[in-house]
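Dear colleague,

I am handing over the structure below, together with a written account of what was found in it. Please read the two side by side.

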Amino acid sequence: MRNNWNGRFLYYFGGLILALFFVAGLIHTVTGNATGAGEEQKVQENKKASADKKSSEKMESKTETEDSIRVLLKTNGFSDEVHAQITVSAKEGLVLTGGKETKKINAGESASIRPDDAMFQNGTIRVAPAADGDKIVVESLKRGYGTPSYRGTMELYKTAQGIAVVNELSLEEYLYGVVPSEMPASYEMEALKTQAVCARSYAYCHLQGEAYPQYRANVDDSTAYQVYGNSKEQEKTIQAVDATKGEYLTFNGKPVKAYYFSTSCGHTTNVEAWGTTVGKENQYLKGSEISENGECYEKALPWFSWSCDIPQTVLSNLFGLNTGKDVGMIQNIEITKRGEGNIALEMKVTGTKGEHTVKTENKIRSALGGSGYEITRQDGSKAAGSRLLPSAFFEITRQNDVFHIEGGGYGHGIGMSQNGANEMAKRGKDYKTILSLFYSGVKIENE
């Protein structure tokens with residue numbers, strides 16, 4: 001009897017255990033897969049969030065590193081790299097940072113910084129507006145329109161000679177200060193757009209390196225690169241920059257230095273004028289006829305043609321001063337080599353003490369430049385002689401004790417004529433058409 005009960009007990013108990021396992025299996029089948037799907041979804045969401053974060057960080061990094069430019073601000077007249085002192089202010093105040101030390105400058109107040117400032121002990125001094133969008137006024141600096149103000153931030157470097165000032169800002173905001181400084185805001189909108197694309201292309205090329213590595217500056221604000229901040233920002237030029245945002249020129253897939261100058265005499269030239277060999281990388285700077293149906297766009301402009309008479313004694317003195325070569329009293333000047341557009345590439349000067357040959361358009365213009373004579377433009381207006389002859393597109397003859405020069409255009413003659421662009425815009429040409437005339441085989445890319 002006892003053994004029989006024990007057998008039945010084991011039989012029923014075993015069945016109960018199997019039933020429980022069966023029910024648990026059903027529950028796992030119904031709910032376990034859903035839980036697993038939820039976990040998988042959670043994992044995927046985490047991966048997506050991580051990817052989004054990395055993408056966001058990458059975009060932020062791109063904005064911070066690729067979309068900014070560092071500009072060395074030179075002294076008054078763009079004459080030197082370092083300043084004796086710097087005085088700054090901002091409408092809403094400033095924040096000065098040197099290492100771990102921070103100093104706040106109240107709205108409307110000025111801060112004068114000298115090379116012996118204690119904050120330099122921690123390295124450089126960073127100057128930033130207290131309010132977003134405010135500009136830094138450099139009260140100790142003078143530019144074409146008066147006391148300049150700058151977007152972005154500034155970094156000050158102590159040197160043995162003084163303080164170097166580097167303005168860091170976005171590339172587009174940099175162009176807000178370049179375009180009106182390089183082309184009058186009164187020019188046609190399509191011409192201003194052309195200038196904006198050229199300036200952006202030129203800047204992109206310099207973002208690849210540092211013109212002043214000791215200050216981590218890509219460019220300076222003078223004519224050695226592009227003039228920045230010498231004229232006040234204008235609404236019209238800002239519109240031109242914004243309308244072409246991100247657009248730049250490429251040739252064979254690479255950004256190009258889109259050189260430009262003031263006025264042509266009906267044609268441009270190539271880089272041989274600078275003593276540079278013409279090759280595959282610079283063929284976009286070919287000489288072009290700046291005309292339509294045989295009529296030069298700039299024919300009515302004052303600098304389209306010009307002339308001057310330079311006394312023999314004056315020219316002999318200028319030549320010696322400008323070149324450092326004493327050839328005595330100049331007897332003859334001959335253009336011995338010309339380039340595209342008939343530009344002078346080599347000039348042989350013969351004097352009572354010997355002869356000397358000058359090469360490249362810039363050195364030729366410099367050799368004949370200076371004070372002591374006037375230049376008569378085609379409209380009859382006159383201009384005093386300056387450091388450079390207006391252009392190297394000229395013919396020169398001697399008439400008794402005077403050298404007579406007949407020339408045309410203003411500037412180096414390579415790339416875009418700014419006045420030519422404006423005259424084309426007046427005739428209804430858009431900026432893309434204008435660019436295609438001055439730069440051969442280029443494409444307009446957008447970042």
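A definition has to come first: on a 1 Å grid over the protein atoms alone, a pocket is an open set of points with protein on both sides within 12 Å along at least five of seven lines, a cavity is a set where a 1.4 Å probe fits but cannot get out, and lining residues have an atom within 4 Å of a point. The model is a predicted one, in which local features need pLDDT of at least 70 and side-chain atom pairs count only at pLDDT 80 or more, while totals for chains, interfaces and linings use all residues. Residues are numbered from 1 along each chain as its sequence is written, and side-chain values use heavy atoms, with hydrogens and water left out.

The largest pocket is lined by 26 residues, and those nearest its centre are T223, Y260, F261, G411 and H412. It holds about 840 Å³ of space, where a volume is the space filled by probe spheres set on the grid points, which are joined across faces, edges and corners. Three elements, α2 (171–182), β15 (260–261) and α6 (361–367), each supply at least two residues of this lining, and the largest share, three residues, comes from α6. Helices (H or I, at least four residues) and strands (E, at least two) are DSSP runs numbered from the N terminus. By residue type the lining divides into 13 nonpolar, nine polar and four charged, with Ala, Val, Leu, Ile, Met, Phe, Trp, Tyr, Cys and Pro counted as nonpolar, Asp, Glu, Lys and Arg as charged, and the others, Gly among them, as polar.

Turning to the strands, β11 (residues 163–170) has six of its eight residues buried, where buried means under 20% relative accessible area, exposed over 50% and partly exposed in between, with a 1.4 Å probe and protein chains only. Two strands pair if DSSP finds at least two bridges between them. Strand β1 (residues 68–73) pairs with β11 in the antiparallel sense over six bridges, with V71 opposite N167. Strand β10 (residues 153–158) is likewise antiparallel to β11 over six bridges, T153 having E168 as its bridge partner, and a hairpin of four residues joins β10 to β11. Two bridges join β2 (residues 82–83) to β11, again antiparallel, and there H83 is partnered by I163.

As for the aromatic residues, rings of Phe, Tyr and Trp (its six-membered ring) pair if their centres lie within 6.5 Å, and planes under 30 degrees apart count as stacked, over 60 as edge-to-face and the rest as tilted. By this rule there are eight aromatic pairs. The rings of F251 and Y284 have their centres 5.6 Å apart and their planes at 45 degrees, so this pair is tilted. Because F251 lies in strand β13 (residues 247–251) and Y284 in the loop between β15 and β16 (291–292), the pair ties together parts that are 33 residues apart in sequence. F251 is buried, with a relative accessible area of 13%, and Y284 is buried at 6%. The rings of W303 and Y410 are also tilted, because their centres are 4.8 Å apart and their planes lie at 55 degrees. W303 is buried, with a relative accessible area of 17%, whereas Y410 is partly exposed at 32%. Ring pairs also link Y150, Y174 and Y228 into a cluster.

With best regards
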